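Q: I am new to this structure. Can you show me how to read its features, one at a time?

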Amino acid sequence: RACDYIILDIDTASYTSPVFKKIYKNISESKKNLHFTSIVINANRPENLFNTNMSDGEPIPEIDVGLKDFYSLPYMSRFDGFGDYASITAALPTTGGTISPAGIYYSKENNFFVAYVGRKHLLSEFPDYIVPSIISGEYWAEYDDEHHSTCPGCGAILDIQSSIISGKNQALWKGIAMLHYIYTLYEINA
């Protein structure tokens with residue numbers, strides 16, 4: 001019905017796989033008659049990608065955000081929206097783990113995520129090393145002052161820099177990465 005949502009979750013499969021062309025086409029053709037809302041989502045970060053596997057200051061090739069560009073192709077543009085897991089894994093968290101400070105920051109000009117990895121396994125690496133690395137980096141410079149002040153992710157980074165919040169929390173940094181990415185996509189499509 002017109003009020004229904006169809007969510008095609010392709011999980012970790014490649015959105016470019018020819019296997020999906022028939023499904024994409026079927027959804028598109030059904031949509032013409034039924035007028036439902038359709039969304040395609042994929043899990044773009046491998047479960048086995050850990051902060052310790054990332055290179056400081058470098059793009060993260062394992063996180064594939066190409067669905068954003070692929071979405072603009074004619075047979076994909078019939079979807080009303082697309083989604084991914086905004087730089088985090090689709091898998092539920094396991095118990096425990098060690099401190100491995102890393103900040104992930106989205107580059108809109110390049111459509112990739114960049115890793116900022118702490119030098120030591122200490123929570124103090126977030127405010128002492130990662131924040132200055134992000135703010136002084138080329139990817140932060142892609143965004144203007146208005147974005148930095150209105151983006152919730154960038155705002156949190158600035159609050160950490162100003163000691164308004166401590167920033168010594170790995171979960172907070174997952175949120176920062178997600179907020180910055182989602183807000184940037186919102187700005188691009190607004």
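A: β1 and strand β2 (residues 37-41) are paired in the parallel sense, over 5 bridges. One place to look is I7, which stands opposite I39 in β2. Keep in mind that this is a predicted model.

Q: In what order do the strands of that sheet come, and is the pairing parallel or antiparallel?

A: The order is β1-β2-β4, an open sheet of 3 strands with parallel pairing. β1 (5-9) and β4 (81-83) are the edge strands; each has a single partner, so one side of each lacks a neighbour in the sheet. From one strand to the next the twist averages 20°.

Q: Which way do side chains point along a strand?

A: In a regular strand they alternate between the two faces of the sheet.

Q: Which helix lies across β1 and β2?

A: Helix α1 (residues 19-34) does, and it runs at about 175° to β1.

Q: How should I read a helix in general, and which residues point the same way?

A: An α-helix has 3.6 residues a turn, so residues three or four places apart point the same way.

Q: What is the strand order in the antiparallel sheet?

A: That open sheet has 3 strands in the order β3-β6-β5. Its edges are β3 (58-59) and β5 (102-107), and each has a single partner strand, so one side of each is left without a neighbour in the sheet.

Q: How many bridges join β3 to β6, and over how many do β5 and β6 pair?

A: There are 2 bridges between β3 and β6, which run antiparallel. β5 and strand β6 (residues 112-117) pair over 6 bridges, also in the antiparallel sense. A115 in β6 is the bridge partner of E58, and A115 is the bridge partner of I104 as well. Elsewhere in β6, F113 stands opposite Y106.

Q: Is β6 mostly covered or mostly open?

A: β6 is mostly covered, with 5 of its 6 residues buried. Helix α6 (residues 170-189) lies across β5 and β6 and runs at about 5° to β5.

Q: Why is helix α3 described as largely enclosed?

A: Count its buried residues: 8 of the 11 in helix α3 (residues 125-135) are buried, so the rest of the structure largely encloses it. They are E125, F126, P127, Y129, I130, V131, S133 and I134. Their cover includes β5, β6, α5 (152-161) and α6.

Q: How do contacts relate to distance along the sequence, and what percentage join residues at least 24 apart?

A: Among contacts between residues at least 6 apart in sequence, 68% join residues at least 24 apart.

Notes. Residues numbered from 1 in each chain as written. Predicted model: local features only at pLDDT ≥ 70, side-chain atom pairs only at ≥ 80, totals over all residues. Heavy atoms only, no water. Contact = heavy atoms within 4.5 Å. Pairing = 2+ DSSP bridges. Helix = DSSP H or I, 4+ residues; strand = E, 2+ residues; numbered from the N terminus. Axes fitted to C-alpha atoms, helices over the stretch in contact; angles between N-to-C directions. Buried < 20%, exposed > 50% of the residue type's maximum accessible area, 1.4 Å probe, protein only.
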